[in-house]
Amino acid sequence: MIQHKLLLAILLLSLLGLSSCTQMNATPESDQLATAVSATLGSSFTPTPASPTTTATIPAPEPTLWMSYDGGGDQIWVLGDGLPYQRTLPVSVGGRCVAIEPANDLNTGQVKTLISDNVVEALWSPDGEAIAYILATPDTYELHWRGGDGSDRTLARNVTFTWSISPTGETIAFTRESGYELTIVPGFYAVQVGSGAEVRLSDIDKSGTGSTADFPSWSSDGTQVILSHYGGPGEARLVWARSDGTETHDLGLPTDAGEVRRDLALPFVLWDPDGEHLYAVPGEFGGEGEMGGPSPLVRYRLERTDYTLIEPETIGRFHQVLGWAVPGHSLWIWNESGIGEFILP
């Protein structure tokens with residue numbers, strides 16, 4: 001999940017209405033209790049006063065902007081600024097890549113066009129200084145990086161729309177898929193923003209299936225990334241890889257018979273900041289909210305000896321999980337009562 005501080009510009013994504021989120025790392029202090037007693041047998045003693053108990057401090061969620069994947073319009077949710085509420089944007093999303101300044105005044109902020117047309121999807125870099133976007137050309141789709149100084153570089157060609165930027169901003173993971181008339185081998189790829197060096201992480205081919213909400217899920221340090229393929233041709237797969245391409249595995253679930261199932265259909269996957277746990281919606285529920293009711297969110301531990309997901313624990317049932325509110329502590333979720341913050345058990 002991409003984590004970044006809210007800066008003076010908010011990117012409104014064109015055509016598909018992608019979400020724009022801002023988050024901060026949780027840094028709670030540990031509970032402490034120190035008591036020292038000095039005593040001497042057969043004589044009086046004076047105990048050292050106990051230090052006061054330190055109460056863990058949980059940071060409040062930073063302001064988060066979220067737009068439904070249903071796409072388009074001029075309404076956006078503001079989360080983390082008191083109760084969630086909607087604001088009207090000074091421009092409708094659709095057909096252009098635009099920015100609004102300042103971000104803390106969405107109704108009166110000035111709007112400027114960054115890229116005139118043919119932008120399919122776009123994301124802010126985690127530091128808010130650059131924009132990655134997919135450009136439609138007459139021949140293909142290109143992945144571009146637009147710097148804060150207005151410079152524009154092509155990072156990759158023949159890309160598709162399952163992609164995300166690492167939390168460090170150094171790497172972009174993306175797919176190439178059959179069904180798009182591409183001239184490059186399908187698979188899961190990563191490209192270094194600085195050098196443009198590209199590596200193929202896996203042969204997984206989503207074949208144009210999935211959802212506009214699909215994206216590779218990053219560990220908080222940007223060294224690990226997961227891609228889920230849960231529909232369409234071929235078996236369902238959940239691929240884990242190191243972002244430098246040095247190691248990759250299909251994740252699996254242990255069975256009662258002691259075997260390991262590798263055909264995992266997990267349409268939603270979110271890393272815990274500890275790098276060892278994953279949150280997922282089991283595939284038998286068909287994705288979030290698609291069965292007309294809430295779906296379970298399950299926490300797993302990633303066992304690296306055989307790359308299986310073990311110790312499943314259902315932590316709640318929701319129509320949709322929007323992402324971290326305070327990473328490792330709480331999630332933004334959507335239920336019948338609306339959008340709210342869910343504290344992890």
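Is D263 buried, partly exposed or exposed? I looked it up: D263 has 32% relative accessibility, so D263 counts as partly exposed. My cut-offs are buried under 20% relative accessible area, exposed over 50%, and partly exposed in between, with a 1.4 Å probe and protein chains only.

Ground rules before going on. I am working on a predicted model, where local features need pLDDT of at least 70, side-chain atom pairs count only at pLDDT 80 or more, and totals for chains, interfaces and linings use all residues. Residues are numbered from 1 along each chain as its sequence is written, and side-chain values use heavy atoms, with hydrogens and water left out.

**Entry: salt bridges**

I searched the whole structure for salt bridges and got 11. I count a salt bridge when a side-chain nitrogen of Lys or Arg lies within 4 Å of a carboxyl oxygen of Asp or Glu. The general idea is that side chains of opposite charge can pair when their charged atoms come close.

D263 is in one of them: its partner is R261, with 3.2 Å between the closest N and O atoms. R261 is also partly exposed, at 42% relative accessible area.

Next I checked R301, which is partly exposed at 24%. It makes a salt bridge with E303 at 3.4 Å, N to O, and E303 is buried at 18%. R301 also bridges to E311, where the closest N and O atoms are 3.2 Å apart. I take strands as DSSP runs of E, at least two residues, numbered from the N terminus. E311 is partly exposed, at 49%.

I also noted a network: D203, R237 and D250 are joined by salt bridges that share partners.

**Entry: strand β16**

How many residues of strand β16 (residues 224–229) are buried? I found 6 of the 6, so β16 is largely enclosed by the rest of the structure. Q224, I226 and S228 point one way, V225, L227 and H229 the other.

Then I looked at the neighbours, calling two strands paired if DSSP finds at least two bridges between them. Strand β15 (residues 217–218) runs antiparallel to β16 and is joined to it by 2 bridges, with S217 partnering I226. Their hairpin has 5 residues between the strands, and G222 takes a positive phi near 75° there.

With strand β17 (residues 237–242), β16 pairs in the antiparallel sense over 6 bridges. I noted V239 in β17 as the bridge partner of L227.

Notes
Helix = DSSP H or I, 4+ residues; strand = E, 2+ residues; numbered from the N terminus.
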